[in-house]
Structures are given as structure tokens and as C-alpha cells.
Amino acid sequence: MERLIVNVRKRTAVRRFLALLAAVAMLFLLALPQPILANTPSSSQVGVLRPFATLPTGLAAEGLAIRGGHLFIGTISSTGGPNGSILVYDKSGDLIHTFNVPGYPVVGQVALRGDSVFAVVCTSFSPGAGGAVVRVNLRSGNVTVVATDPNCPNGLTIDWWGNMF
């Protein structure tokens with residue numbers, strides 16, 4: 001019985017020693033200079049902002065969604081045109097597709113679900129401007145109105161089950 005107690009005490013002491021050694025090693029590693037970013041150009045450092053893509057003239061970015069390395073950007077037209085746009089950029093920042101949203105020059109937040117991109121859209125920012133949520137089919141580009149609002153909606157998200165908020 002004494003032998004069993006001694007073995008348990010030795011194991012406990014070894015475990016405590018190893019835990020202490022691991023903690024000291026972690027503190028030592030944290031105290032070392034971090035060479036990960038030391039020799040990299042500033043454009044690739046984490047936390048450094050850089051231009052990614054250039055929007056067409058007359059458009060400002062509003063909503064953003066990402067899927068499969070593609071950026072979907074809702075835009076606001078400053079030219080007063082009758083149609084809005086959802087722009088799609090690839091990983092290099094090249095514009096690869098434009099979805100037109102007829103009758104709504106203000107395209108705000110966008111959200112992706114299945115084979116569609118949903119967007120909150122408005123006729124303008126003036127008081128009483130009407131708005132809606134539209135669905136754009138990613139394959140065909142067809143735009144359908146999902147819901148209307150007498151005001152300009154500002155925000156959109158879709159949960160795991162497909163509920164839209």
C-alpha cells in the first residue's frame with residue numbers, strides 16, 4: 001500500500017513539474033521578438049489597409065458579402081441614374097461581373113444565400129423614398145422583389161435557417 005501511495009505522489013509531482021515547465025516555456029516564447037512580420041512588406045502585414053479594388057466612376061460601396069473568394073458589393077450611384085448595381089470582384093480585385101438592379105439606384109447591404117444575392121435597395125435617400133429587398137439570381141441575373149418598405153431599409157442578414165432580418 002505504501003508503494004502505491006509513493007507512486008501516486010511521484011506521478012503527481014511529475015505532472016506538476018511538466019505543467020510548470022510548459023507554462024515557463026510559453027512565457028519565454030511570448031517574450032521573444034515576433035519575427036513573423038519583421039521581414040515582410042507592409043502591404044501583406046495583418047492590420048495594414050491597402051486599396052483592393054477600384055469602383056467604376058460615380059459609384060460608392062455600401063454593402064459587402066464574401067463567398068468563394070468573390071466580393072459582392074452593393075453600390076450607391078452618385079450620378080442619379082435609375083438603376084443600381086451589385087458588383088462582383090475576384091481575389092485580385094478585378095471586376096468580373098455586374099448585376100443591374102432596375103429602378104433602385106441605391107443598393108445597400110447584401111447577403112448571400114444559395115444561388116442568390118439579396119440586397120436592400122432604395123429609390124433615393126430623400127424622405128419618403130421607397131425601398132425593398134430584392135433577390136438576384138446569380139446564374140441568370142434575374143431580379144425579383146422579395147419585400148417592399150415605404151422607407152429606405154438599412155441592413156440585412158440571413159440566418160442559418162434562411163430567415164431574413
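This is a predicted model: local features need pLDDT of at least 70, side-chain atom pairs count only at pLDDT 80 or more; totals for chains, interfaces and linings use all residues.
Strand E3 covers residues 83–89, and strand E4 covers residues 95–102. They pair in the antiparallel sense, over seven bridges. Five residues sit between the two strands. Within this hairpin, Gly93 takes a positive phi near 90°.

Next, the inside. Which residues touch the most other members of the largest nonpolar core? They are Ile86, Val101, Val107, Val110, Ala119 and Val121, out of 16 residues in that core. Five elements come up here: E3, E4, E5 (106–113), E6 (116–122) and E7 (131–137) each give two or more residues to it.

Look at Ile86 in detail. Leave out residues up to four places away in sequence. Ile86 then touches Ile73, His97, Thr98, Phe99, Val101, Val107, Val110, Val117, Ala119 and Val136.

As background, nonpolar side chains tend to be buried together in soluble globular proteins. Phe17 lies in helix H1, residues 2–31. Is Phe17 buried or exposed? Its relative accessible area is 51%, and the cut-off for exposed is over 50%, so Phe17 counts as exposed.

Last, the charges. How many salt bridges does the structure hold? Two.

In one, the side chains of Arg135 and Asp115 meet at 3.5 Å, N to O. Arg135 is in strand E7, while Asp115 is in the loop between E5 and E6. The pair therefore ties together parts that are 20 residues apart in sequence. Both ends are partly exposed: Arg135 at 26% relative accessibility, Asp115 at 27%.

In the other, Asp115 meets Arg139 through their side chains, at 3.4 Å, N to O. Arg139 sits in the loop between E7 and strand E8 (143–149), so this pair links parts 24 residues apart in sequence. Arg139 is exposed, with a relative accessible area of 73%.

What joins Asp115, Arg135 and Arg139 into one network? Salt bridges that share partners. Asp115 takes part in the bridge to Arg135 and in the bridge to Arg139.

Methods:
Residues are numbered from 1 along each chain as its sequence is written. Side-chain values use heavy atoms; hydrogens and water are left out. Two strands pair if DSSP finds at least two bridges between them. Helices (H or I, at least four residues) and strands (E, at least two) are DSSP runs, numbered from the N terminus. A nonpolar core is a set of buried Ala, Val, Leu, Ile, Met, Phe, Trp, Tyr and Cys residues joined through side-chain atoms within 4.5 Å. Buried means under 20% relative accessible area, exposed over 50%, partly exposed in between (1.4 Å probe, protein chains only). Contact means heavy atoms within 4.5 Å. A salt bridge is a side-chain nitrogen of Lys or Arg within 4 Å of a carboxyl oxygen of Asp or Glu.
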